[in-house]
Amino acid sequence: MTSITNSKSWLALAEHQKSINSAQMRDLFNEDKDRFNHNHIQFDDFLIDFSKNRITNETLPLLVSLAREANLEQWKDKLFSGDKINFSEDRAVLHTALRNRTNTPVMADGKDVMPEINAVIDKMALFSESVRSGEWKGFTGKRIETVVNIGIGGSDLGPAMVCKALKPFGAKHISPLFVSNVDGADLAQTLEKCDPHTTLFIVASKTFTTQETMTNAFSARDWVIGHLNDSAAIRNHFVAISTNKSAVEAFGISPDNIFEFWDWVGGRYSLWSSIGLSIAIFLGIENFKQLLAGAHDIDNHFKTAPLEKNIPVILGLIGIWNINFFNFKTHAILPYDQGLSLLPSYLQQLDMESNGKFIDREGKRVCLHTGPILWGESGTNGQHAFYQLIHQGTEIVPTDFIMPIHSQYKIGKNGDEHHKILISNFIAQTQSLMLGKKEEEARNEMVVAGFPEKEVNLLASHKSFLGNRPSTSILFDKLDPKTLGRLIAIYEHKIFVQGVIWNINSFDQWGVEYGKQIASLVLPELREKSATVSFDSSTNNLINYTKKNL
């Protein structure tokens, strides 16, 4: 395949970027009073405003042409039709089938996967309701009050993020907790919050061999047996999400309490599957189905909307514009909702594990930058941390600002005053990043405010801002299960769009496996008393120093 960088659209975009490189967004807004109207998309209550990016009326048509030259429309069809687009693992990519609420047939290897998916959802419904109602009881007859999800990566981040974001919808009598780190402190500090008589553990591991997850699971099992004095208690206090039935049964979990998922479900796309069992227990199965329905809405939008009005497509292409043509290599996710405080971490894995690749689909080294460094924090906390760099730093950071118009909570005498203050900060940050403040403007402000001339001369430059810093605003009515499903799916498909343009496989993660491979060689050395000499000098000495001081 000819490199996309040699395509007609890419070359045209490169020339276009040169022509607008010095353009200021404040000038573009002044010149075009209608700029917002042709640089936003509305989908139901979602408003996506991308007018505060360094784009002109020429930019988006050129970017859409690039998408067509990269065969994006054909790749969309492959994604939804069950083609094995994760070719390096010989797998289809069908997380969209998990939330296919219209239940249209979805084929994989010539078989409709929907009956199996629906059967698992039905099983999740029965089990989650039995826990929520108190029908399912612990070994000593007490109802479950705490659910601990033991997983890592997508088996942890997705459910943890959703349960935190949608806490107002959760059962008041059940506390969801999450353990992922093999560092014993994670499990120990979680168990401090638990009563062994009323705690249910969900062990989420497809193979039931994931080192971090199974180390935590076996320690949790020992904790339960140690407190309840009977290994039979495992059947009341543990369930598994896995495909390895024999290993699950050997652990002590009843085969009736194994929840299936499939190899075409990537870990970072798995919250829609039985990995979402903790979500279903905490929120209830109907709210879990609403989460699926919201994602399905965006799947249909992504499939059918023209590229020019397609939210994930436009967001993905603007990302390409910022990364590959302006050389902005980081991206900040800034949700102005405390419930979404885990969203940056969740999207960090989703994006960086998907598109952090330097080898293309043909096995050749890519010739362009792929995968932004993604990070962020909830507002307004971030404003008192890293916004200084975003406003005045030498590194330009494109940002996504995310905001519900209505809060999940009413606090204070006026009920919504907290939220109005939050919204004012959200809007102000997007404008100030775009607008900036010229040194002369800062000087005039200080003069009007009555500052002495000496102080004006000293501080005017420090109070100036270059502005012209790109941001996208995402507004919606309120954060509920359907809205969150839509938001997550938008980012999933945005990342896919970028992977298509870069000609990489967004669905494998060999970099994750390589570190584990080396760890499996180091661990036996840590158990040996003799000096380690089989690695490089740094690794040998790190191992030996650790052994000496353990």
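Helices (H or I, at least four residues) and strands (E, at least two) are taken from DSSP runs and numbered from the N terminus. S7 falls in the segment before α1, which spans 8-20. The model is predicted: local features require pLDDT of at least 70, side-chain atom pairs count only at pLDDT 80 or more, and totals for chains, interfaces and linings use all residues. Residues are numbered from 1 along each chain as its sequence is written, and side-chain values use heavy atoms, with hydrogens and water left out.

## Two individual residues

Accessibility is classed by relative accessible area, computed with a 1.4 Å probe on protein chains only: under 20% is buried, over 50% is exposed, and values in between are partly exposed. S7 has a relative accessible area of 9% and is therefore buried. Contact means heavy atoms within 4.5 Å. Leaving aside residues up to four places away in sequence, S7 touches L66 and E69. S7 and E69 are 62 residues apart along the chain, and their C-alpha atoms are separated by 7.4 Å.

Y514 belongs to helix α21. Because its relative accessible area is 52%, Y514 counts as exposed. Between Y514 and K8 there are 506 residues of separation in sequence and 37 Å in space, C-alpha to C-alpha.

## Aromatic pairs and charges over rings

Rings of Phe, Tyr and Trp (its six-membered ring) pair if their centres lie within 6.5 Å; planes under 30 degrees apart are stacked, over 60 edge-to-face, and the rest tilted.

F302 lies in helix α13 and F496 in helix α20 (residues 481-502), so the pair ties together parts that are 194 residues apart in sequence. F496 is buried, as is F302.

Elsewhere, ring pairs join F201, F208, F218, W223, F238 and F251 into a cluster.

A charge sits over a ring if NZ of Lys or CZ of Arg is within 6 Å of the ring centre and within 35 degrees of the ring normal. K76 lies over the face of F302, at 5.2 Å from the ring centre. R221 lies over the face of F251, at 4.8 Å from the ring centre.

## Cavities and pockets

On a 1 Å grid over the protein atoms alone, a cavity is a set of points where a 1.4 Å probe fits but cannot get out; a pocket is an open set with protein on both sides within 12 Å along at least five of seven lines, and lining residues have an atom within 4 Å of a point. Grid points are joined across faces, edges and corners, and a volume is the space filled by probe spheres set on the points. For the linings, Ala, Val, Leu, Ile, Met, Phe, Trp, Tyr, Cys and Pro count as nonpolar, Asp, Glu, Lys and Arg as charged, and the others, Gly among them, as polar.

| Site | Volume | Lining by class |
|---|---|---|
| Largest pocket | about 920 Å³ | 12 nonpolar, 16 polar, nine charged residues |
| Second largest pocket | about 630 Å³ | 10 nonpolar, 12 polar, four charged residues |
| Largest cavity | about 80 Å³ | four nonpolar, seven polar, two charged residues |

The largest pocket is lined by 37 residues, and T210, G267, Q509, E513 and K516 lie nearest its centre. At least two lining residues come from each of α7 (154-165), α9 (211-228), α15 (343-355) and α21 (510-527). With six residues, α21 supplies the largest share of this lining.

The second largest pocket has a volume of about 630 Å³. Its lining comprises 26 residues, of which D337, Q338, G339, S407 and Y409 are closest to its centre. Two or more residues of this lining are given by each of α7, β6 (175-179) and α17 (417-435). Here α17 gives the most, with five residues.

The structure holds four cavities of 30 Å³ or more. Of the 13 residues lining the largest cavity, L315, I318, H331, D400 and T472 are the closest to its centre. α14 (311-325), β12 (399-406) and β13 (471-478) each supply at least two residues of that lining. The largest share, four residues, comes from α14.
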